[in-house]
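Please look over the structure below before reading my notes.

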Amino acid sequence: MRTSREFLIKNNLPEIQPVAEEVIGFCREHGVGESACFDVRLALEEVVSNTIKYGYKDSVVHTIRVRAECDAQSLLLEVEDDAGPFNPLEVPTPDVSLPAEEKPIGGLGLFLLRAIMDHLEYSRRGEKNILRMTKIFQQT
Amino acid sequence: MPLKVTVEERGEGAYAIHPVGSIDSNTHTILLAEVEKVLKNNPTLLIFNMADVDYVSSAGISVVLTSEKSLKLQGGTVLMVNVQPQIKKVFNIVQALPPERIFSSVQEMDAYLKEIQRKVKAGEM
């Protein structure tokens with residue numbers, strides 16, 4: 001049975017980890033395996049940390065909404081924020097094959113996101129960025 | 001859980017760095033601070049012992065990559081040992097280190113180091 005749960009994260013990096021644990025707990029309730037849970041945690045962190053670090057120009061507290069929807073076949077993770085318009089899918093892919101001295105340090109988070117999630121979709125609704133990420137997995 | 005990092009000097013410019021916990025966007029600065037202290041000593045070999053690391057994000061990878069860039073400039077080497085499969089997967093995706101320098105066990109790493117020493121002695125490197 002597909003169920004959904006919502007989580008809220010304030011724009012403060014230490015807030016990510018406790019919420020990520022709750023999201024993983026929700027995944028485990030659906031029998032999601034540890035490898036997929038790792039990927040979900042990583043995807044969530046990469047997206048939300050990016051928003052927190054670069055999305056806000058003020059010192060106001062902002063709330064990032066995370067909705068997780070899960071069943072035996074897949075997980076949908078939807079992250080909604082009120083940061084400035086930003087489509088992470090338009091960020092150029094870094095060339096990770098470059099030797100160490102030329103390899104970029106920035107951009108690896110979004111590169112990982114593309115590698116570990118099966119489908120990514122961005123939209124802008126009003127003043128909100130919405131990123132939908134899907135992970136397809138085998139039930140354990 | 002806050003990240004804990006211990007550093008052990010192994011002599012002849014070799015250092016072992018042992019983080020314990022998760023290396024994420026919040027905790028990676030703890031690891032970076034310890035790495036930067038070690039880098040000031042111009043190490044020739046840096047070994048990240050990942051036995052007690054259960055999670056790493058791009059922020060953690062960036063610390064290892066910073067180490068790699070720094071050591072490569074001075075002809076040194078970065079190795080990672082006791083790497084759990086999901087951590088290894090992440091490092092391989094971004095190609096942060098050549099796969100031959102990421103080891104699942106100390107035994108594997110020691111065999112690699114012995115082979116390097118043999119090649120150096122034989123003039124092959």
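1. **Basis.** This is a predicted model, in which local features need pLDDT of at least 70, side-chain atom pairs count only at pLDDT 80 or more, and totals for chains, interfaces and linings use all residues. Residues are numbered from 1 along each chain as its sequence is written, chains are lettered from A and ligands numbered from 1 in the order in which they are written, and side-chain values use heavy atoms, with hydrogens and water left out.

2. **Chain A, elements.** Chain A has three helices and five strands. Helices (H or I, at least four residues) and strands (E, at least two) are DSSP runs, numbered from the N terminus. Read from the N terminus, the order in chain A is β-α-α-β-β-α-β-β.

3. **Chain A, overall form.** The radius of gyration of chain A, taken over C-alpha atoms, is 15 Å. The C-alpha trace of chain A spans about 45 × 40 × 25 Å along its principal axes.

4. Of the 140 residues in chain A, 53% are buried. Buried means under 20% relative accessible area, exposed over 50%, and partly exposed in between (1.4 Å probe, protein chains only). Take the contacts in chain A (heavy atoms within 4.5 Å) with a separation of 6 or more: residues 24 or more positions apart account for 65% of them.

5. **Salt bridges, count.** Side chains of opposite charge can pair when their charged atoms come close. The test here is a side-chain nitrogen of Lys or Arg within 4 Å of a carboxyl oxygen of Asp or Glu.

6. **A:Glu78 and A:Arg65.** These two side chains form a salt bridge, at 2.8 Å from N to O. A:Glu78 lies in strand E3 (residues 74-81) of chain A and A:Arg65 in strand E2 (residues 63-70), so the pair ties together parts 13 residues apart in sequence. A:Glu78 is buried, at 5% relative accessibility. A:Arg65 is buried too, at 17%.

7. **A:Glu78 and A:Arg132.** A:Glu78 also forms a salt bridge with A:Arg132, whose closest N and O atoms are 2.7 Å apart. A:Arg132 sits in strand E5 (residues 128-136) of chain A, 54 residues from A:Glu78. Is A:Arg132 buried or partly exposed? A:Arg132 is partly exposed, with a relative accessible area of 25%.

8. **The network.** A:Glu78, A:Arg65 and A:Arg132 belong to a network of salt bridges. Other members include A:Arg2, A:Glu6, A:Arg67 and A:Lys128.

9. **A pair in chain B.** B:Lys37 and B:Glu34 meet in a salt bridge at 3.2 Å, N to O. They are three residues apart in helix H1 (residues 28-39) of chain B, and therefore separated by about one helical turn.

10. **Two Asn residues with positive phi.** B:Asn42 has phi near 50°, a positive value in a residue other than glycine. B:Asn42 is in the loop between H1 and strand E3 (45-49) of chain B. At 52% relative accessibility, B:Asn42 is exposed. B:Asn82 has phi near 55° and lies in the loop between strand E5 (77-81) and helix H3 (85-94) of chain B.

11. **Largest pocket.** A pocket is an open set of points on a 1 Å grid over the protein atoms alone, where a 1.4 Å probe fits, with protein on both sides within 12 Å along at least five of seven lines; lining residues have an atom within 4 Å of a point. Grid points are joined across faces, edges and corners, and a volume is the space filled by probe spheres set on the points. The largest pocket holds about 570 Å³. It is lined by 19 residues, and B:Ala14, B:Leu45, B:Leu113, B:Ile116 and B:Gln117 are the closest to its centre. H4(B) gives the most to this lining, with eight residues.

12. **Second largest pocket.** This pocket has a volume of about 310 Å³. Of its 20 lining residues, A:Asn50, A:Lys53, A:Tyr54, A:Gly107 and B:Ser58 lie nearest its centre. H2(A) gives the most to the lining, with six residues.

Conventions
Rg over C-alpha atoms; globule rule 2.2 N^0.38 Å.
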